[in-house]
Amino acid sequence: VKLKLLYSDLKPELDMIEKELEQAVDSESLLLNDASLHLLQAGGKRIRPVFVLLAGKFGNYNIDVMKQVAVPLELIHMASLVHDDVIDDSETRRGKPTVKAEWNNSVAMYTGDFILARALEYISEIDSPKLHHILSKTMIEVCRGEIIQIEDKYKLDQNLRDYLRRIKRKTALLISSSCELGALVSGTDEKTAAHLRRFGYFIGMSFQIIDDILDFTSTDEELGKPAGSDFIQGNITLPILCARKNPEVYSLLKNNLGKELTEPERLHIVKTVRDSTAIDEAKAISERYLQKALEELAYLPKGNANKTMRKIAFFIGKRKF
Ligand code: 2DE
Ligand code: MG
Ligand code: MG
Ligand code: MG
Ligand code: MG
């Protein structure tokens with residue numbers, strides 16, 4: 001099943017958001033346009049706008065207001081990816097060359113800044129200090145998460161808590177905020193907003209854990225980048241934390257962290273982790289977050305939005321890309 005089919009109910013609204021995204025990245029600079037469109041057209045799951053819209057269905061849903069939040073949330077995500085690919089020195093994303101690879105780091109940094117500024121311009125239409133406060137706090141935490149990730153690089157002996165705190169900041173909070181802000185602008189009651197926020201948080205945690213698993217279990221083609229990229233970058237993810245419990249695997253990881261790996265070495269490490277019990281252990285932890293997300297949905301009114309959120313949650317648990 002394709003993810004986009006799960007939210008086919010939202011198709012007209014999402015098409016509208018897609019058009020707005022294109023307009024939002026439009027400027028008088030040919031270079032900025034090309035770089036931004038390159039990124040936009042690489043696609044993506046658009047999970048943040050989808051959650052903004054779905055959360056809005058629990059309140060007073062007005063698409064003209066909802067899109068004012070949905071568009072900037074995707075833009076912020078996009079901006080963070082352009083910057084992320086510079087920091088991670090990633091050549092490809094979603095099977096296409098990254099902005100930094102197609103142009104260069106300077107262009108990528110400014111493209112990211114530009115898209116972020118556009119997001120802020122967009123969302124400034126909304127007259128709600130609370131919304132702006134939540135959004136700023138989220139961006140601050142994302143940046144803190146990225147800095148902590150640099151500090152935690154190559155540390156094979158860090159604990160699970162360190163990892164969970166990092167993925168909360170780098171991924172879960174923005175997804176959580178998408179749900180919360182969708183609730184906020186549609187005027188749901190506080191309890192509903194809190195359940196939606198927590199739903200987004202748990203889904204976000206599960207989502208990132210799966211992402212980190214896929215880095216080992218998928219092929220280079222499926223990933224659109226080399227498998228094992230996280231390890232190569234020295235980023236200690238959950239599968240590694242689980243795999244290191246085996247002393248032999250521990251030595252293998254320890255001896256190769258931060259090293260320039262040959263192709264056979266990279267493939268050997270990926271295979272070792274993939275064939276270990278680490279993958280199932282990591283999946284079990286992801287599954288726990290998924291269950292918690294589903295529990296939050298049980299507190300919310302039944303209906304189409306609830307059902308769609310449920311389906312997305314199940315999809316995320318099984319996704320292959
Ligand atoms: C993806 O993580 C990174 C997400 C956050 C990046 C945030 C930055 C701060 P990955 P993949 C760079 C700038 C923030 C702004 C502009 C709001 O694990 O595997 O590297 O997709 O993800 O590369
Ligand atoms: Mg990256
Ligand atoms: Mg990164
Ligand atoms: Mg990743
Ligand atoms: Mg990713």
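## Reading a ligand shell, its metals and some helices

Tutor: Helix 5 gives the most to the shell around ligand 1, with 5 residues. Keep in mind that this is a predicted model.

Student: Which elements give two or more residues to the shell around ligand 1?

Tutor: Ligand 1 is surrounded by 13 residues, and the closest are Asp84, Asp88, Arg93, Lys170 and Lys225. As for polar atoms, a side-chain one of Asp84 is 2.9 Å from an oxygen atom of ligand 1. In the side chain of Arg93, an N or O atom lies 2.8 Å from an oxygen atom of the ligand. For Lys225, the distance from a polar side-chain atom to an oxygen atom of ligand 1 is 2.7 Å. On its own, ligand 1 has 620 Å² of accessible area, and the protein covers 88% of this. Two or more residues of the shell come from each of helix 5 (63-87) and helix 8 (129-151).

Student: Asp84 and Asp88 have come up already. Which magnesium ion do Asp84 and Asp88 coordinate?

Tutor: For a metal site, look for the donor atoms and their distances. Here the OD atoms of Asp84 and Asp88 coordinate the magnesium ion (ligand 3), at 2.1 to 2.2 Å. Asp84 also forms a bridge between that ion and the magnesium ion (ligand 2), and the two ions lie 3.2 Å apart.

Student: Are Asp84 and Asp88 buried or exposed?

Tutor: Relative accessibility settles that, and buried means under 20%. Asp84 counts as buried because its relative accessibility is 16%. Asp88 is at 13%, so Asp88 counts as buried too.

Student: Is Ile232 buried, partly exposed or exposed?

Tutor: Ile232 belongs to helix 12 (residues 229-232). Its relative accessibility is 37%, so Ile232 counts as partly exposed. Not counting residues up to four places away in sequence, Ile232 touches Leu261 and Arg266.

Student: Glu296 takes us to helix 16. How many residues does helix 16 have, and what covers its buried residues?

Tutor: For a helix, check the span and then the neighbours. Helix 16 (residues 278-298) has 21 residues, and from first C-alpha to last it reaches 31 Å, close to the 30 Å expected. Its buried residues include Ala282, Ile285, Tyr289, Leu290 and Glu296. Among the elements that cover the buried residues are helix 9 (160-185), helix 10 (190-217) and helix 17 (304-318).

Student: And what covers the buried residues of helix 17?

Tutor: Begin with the span again: helix 17 has 15 residues and reaches 21 Å between its first and last C-alpha, close to the 21 Å expected. Met309, Ile312, Phe315 and Ile316 are among its buried residues. The cover over the buried residues of helix 17 includes helix 1 (3-6), helix 4 (47-56), helix 10 and helix 16.

Note on methods
Residues are numbered from 1 along each chain as its sequence is written. Chains are lettered from A and ligands numbered from 1 in the order in which they are written. This is a predicted model: local features need pLDDT of at least 70, side-chain atom pairs count only at pLDDT 80 or more; totals for chains, interfaces and linings use all residues. Side-chain values use heavy atoms; hydrogens and water are left out. Donors are N, O and S atoms within 2.8 Å of the metal (3.2 Å for Na, K and Ca); water is not among the atoms, so sites may look incomplete. Buried means under 20% relative accessible area, exposed over 50%, partly exposed in between (1.4 Å probe, protein chains only). Helices (H or I, at least four residues) and strands (E, at least two) are DSSP runs, numbered from the N terminus. The expected span of a helix is 1.5 Å times one less than its number of residues. Contact means heavy atoms within 4.5 Å. A residue is near a molecule or strand if one of its heavy atoms lies within 4 Å of it. A polar contact is a pair of N or O atoms within 3.5 Å; within protein, one must be able to donate a hydrogen and the other to accept it, and residues adjacent in sequence count only if both atoms are side-chain atoms. Accessible areas come from the Shrake-Rupley method with a 1.4 Å probe; for residues, only the protein chains shown count as cover.
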